[in-house]
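Try each one before you read the solution.

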Amino acid sequence: MDSFFQLNLPVNDPVLIFAIVMLIILLAPMVVQRLKIPGLVGTILAGTIVGPSVLGLLERDQTIILLGTVGLLYLMFMAGLSIDLNKFEKNRNKSLIFGLISFLIPQLAALPVGMYLLDFSLASSLLLGSIVGSHTLLAYPIANRIGITKNTGVTMAMGGTIVTDMLSLLILAIVANSLADATGFTFWLTFAVLVIGYTAAILLGLPVIGRWFFKNVRNQTNTEYVFMIALLFISAFLADLVGLAPIIGAFLAGLTLNRLVPESGTLMSRVQFVGNAYFIPFFLISVGMLVDVKVMFESWEVWAQTAAFTALVLFGKGFAAKLTQWIFKLTPEEGWTIAGLTIPQAAATLAVTLVGFEIGLFTQTSVNAVVLMILITCLIGPSLVERYGRKVALKEASQSYNPLDAPERILVPLANPQTAEALMDIAMIIRKKNSTEPLFPLTVARSSDTADSDARVAESEKMLSHSVVHAAAAEVPVLPVTRIDMNISNGIIRAVKELRISHVVIGWNGEISARQRIFGTVLDQLLEQSKQLIMVSKIDHPLNITERIFLIVPPYLDREPGFTGAMLTIKNMVNEIGAELLVVTSRNNHQTLKQLVENQEPEIEAGYIVLDEWASLLKDERIQFKDEEDLLILLSTRNGTVSWDANLERLPRIIAQNYPGVNFFTIYPSEITNDDSQQSYVSFDNMHDIPDIHNENVNFELDDMDAHQALRELMGKRFNSNPVELSEIIEKVLAQEIDNLPGELPGVVLTKTRSVNLQEPALFMGISPNGISYPNVEEKVKLLFVLVSPASHSTQRNIRTLGNIARMLGHKKTYLKLKDARTFTQISKIIFDARSEF
């Protein structure tokens, strides 16, 4: 019994050691968060308290060192996985510049401080600069939790990590080898060849291995996770083998596997869960255990060096962050967040310090001072990210708000167990990150017999349970739905209406029969009876091995009211998958598409294939589809809409027949959207958002003029007080590509522009019986329409207004009446009648 109460310190029992560590991981964050201190900092402090210098409960033995090292590598791997590569590539030069600034400022400041203030040698001062020039993304978990890892400043800080750490370790290699007389040409040539070979092998080899694995091993999340972790540690080991730090190998592994792990998927959720709950806390505890509290009271020199080292870090990293903020015009909150991410010292700092101690450039006092500096910076950095990162997140949320962001509810009708998980993955990919709405997997049991219905419902619930478990692994809320109906499409439509669904993700097997009009009975009826965004998905390969995405946008699609919302959904999906985007479009909507892709969040880069003739879509030599590497997304539209064309109904069947092995989505934009000033759904069957045409905006005397003269006559009365702006508007109108109307109505031009001096949109209409000569229009223009919108109006609102004007003019009866009108009274009546018919 006496031995039961005896506790020898430090604890040697592995079970008790693990229990103590788990209690620290559980309790430390909870305690310090009550004091408004980041939980991550509490874990470090707890490591100090239970470590050998205070209570002596635990010893920093090989087990703690091993798990701490694993946690550090895991932290760098997660940082690489979480970088928005589209934004990273766009800001690659910014990351490089920031990395150089963030390293050079502390490095240059350390030379005079080390040599003249601390009486260090040149070599020791260089190593000191190497120590304070690097940084560790210790506060990354906080940025990830807040949701700012895709912010430009945060992306720069994460990308700059590889620059600062590589330069830090390069300085270490130069100094260490100069003392060992190993800096000859042969040494540097060997080192360069090994580093180049290693980098090429990682950047080129890991994606190939990853794609092969995910293609052949499907729907086995546990195996996929083990595969990822194996590549992480192999990459880290090989980096160490060629003379680089293992943390660089871990970071590179995360970067190269980034595109294969969708952020919203179950695999990423598993990676983050294990890291945040287990490995990273072990690393933080091991850092805390490095602190020797007794040393603080033994010598004033330790405090002097600690103060000097800490000042170098705070000044160097803080100044570099604020300088970068000024150079790239970031907000003050972003500048402080960057500082918070780059101030903490741990990984490369420890590596350089320990090597410097071993080769005699640092004393034990300096090592203790570095450890204290690590603790201080690990307290300050996360606190800054916690405070200012929240402000960045709030500002981004307010800036990115759009009425289209209001309730997003995704319904996923399921019928085939083999494709159920793939459809749920698609729904998770397009689901907004800040959405609180659950996913709605749906099964419809078709039966008229009660007993048979019960059996079918039970069978459907089995499939739903698998979908719920799959989504739960990604921490996505799910609300399964079951309906019983004689008609499958009626059951889906009923669920859409009852649940107020905004998006429907449904599968298609690609099979074609003579009875089918587009996809088949169920899907065709769903399209006819719904107005929500419908995504018809034909999936043959995992989406995460996709290398190229072809987005096919037929003419006039930009005039649909739900076009902007559909493009936002597509951009979110492209950003998640991380593949190259190629937009295939016609000349009439090329500029509108380019504006939406470049100016609307999320930021992605795209290539464009502009077709002179839409009929040449599948014959164009620039469009070559590969079965396993490509994803085709066709934007289409329902029958009766402004951009509808009979050929669009045949296109999905032609693509499925000619390219049976390609992943293929057909997306039908919503015909309902949120009004700019309201949060409720409104139908766009009405035409009330078409601006009223005033007498001064109509001109019947434009015969025998060129376009420039006609536009000046047409808009001169409205802008007579500002001739400079009138000239600018005319130049903008003439510089635009012509938007021809559906059906290619002869002699009609509809164009648009913006004005900073208008408060409401103005529609100008010119009628010319003899016709106007207009650039790039072969025949004479007899009806000329110009929509001038306020600069403050959203792109969505302008497209909606233009689309409704096009719908009105696209009716031949209205077109013929307007062409023959000769008075403003006639014009007003024709437009009033046209509005009333919708």
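This is a predicted model: local features need pLDDT of at least 70, side-chain atom pairs count only at pLDDT 80 or more; totals for chains, interfaces and linings use all residues.

**Exercise 1.** Work out how helix α7 and helix α14 are oriented to each other.

*Solution.* Start with the geometry: α7 (residues 122–133) and α14 (residues 300–327) pack at an angle of about 55 degrees, and their axes are 9 Å apart. Roughly parallel needs an angle under 35 degrees, and roughly perpendicular runs from 65 to 115. The two helices α7 and α14 are therefore oblique. As for handedness, α7 passes α14 in a right-handed crossing. On the α7 side, the contact uses L128, V132 and G133, while α14 brings F309, L312, V313 and K317. Sorted by class, that contact has five nonpolar residues, one polar and one charged.

**Exercise 2.** Classify the ring pair of F18 and Y278, and say which helices it ties together.

*Solution.* The ring centres of F18 and Y278 are 6.1 Å apart and the planes sit at 45 degrees, so call this pair tilted. Next, place the residues: F18 is in α2 (residues 14–33) and Y278 is in α13 (residues 266–289), so the pair links parts 260 residues apart in sequence. F18 is partly exposed at 37% relative accessible area, and Y278 is partly exposed too, at 23%. Finally, zoom out: F18 and Y278 belong to one aromatic cluster with Y74, F279 and F282.

**Exercise 3.** Are F213 and F227 buried or exposed?

*Solution.* Buried means under 20% relative accessible area. F213 has 9%, so F213 is buried; F227 has 13%, so F227 is buried as well.

Key
Residues are numbered from 1 along each chain as its sequence is written. Side-chain values use heavy atoms; hydrogens and water are left out. Axes are lines fitted to C-alpha atoms, for helices over the stretch in contact, and angles run from 0 to 180 degrees between N-to-C directions. Helices (H or I, at least four residues) and strands (E, at least two) are DSSP runs, numbered from the N terminus. Angles under 35 degrees count as roughly parallel, over 145 as roughly antiparallel, 65 to 115 as roughly perpendicular and the rest as oblique. A crossing is left-handed if the near helix is turned anticlockwise from the far one by less than a right angle, and right-handed if clockwise. Contact means heavy atoms within 4.5 Å. Ala, Val, Leu, Ile, Met, Phe, Trp, Tyr, Cys and Pro count as nonpolar, Asp, Glu, Lys and Arg as charged, and the others, Gly among them, as polar. Rings of Phe, Tyr and Trp (its six-membered ring) pair if their centres lie within 6.5 Å; planes under 30 degrees apart count as stacked, over 60 as edge-to-face and the rest as tilted. Buried means under 20% relative accessible area, exposed over 50%, partly exposed in between (1.4 Å probe, protein chains only).
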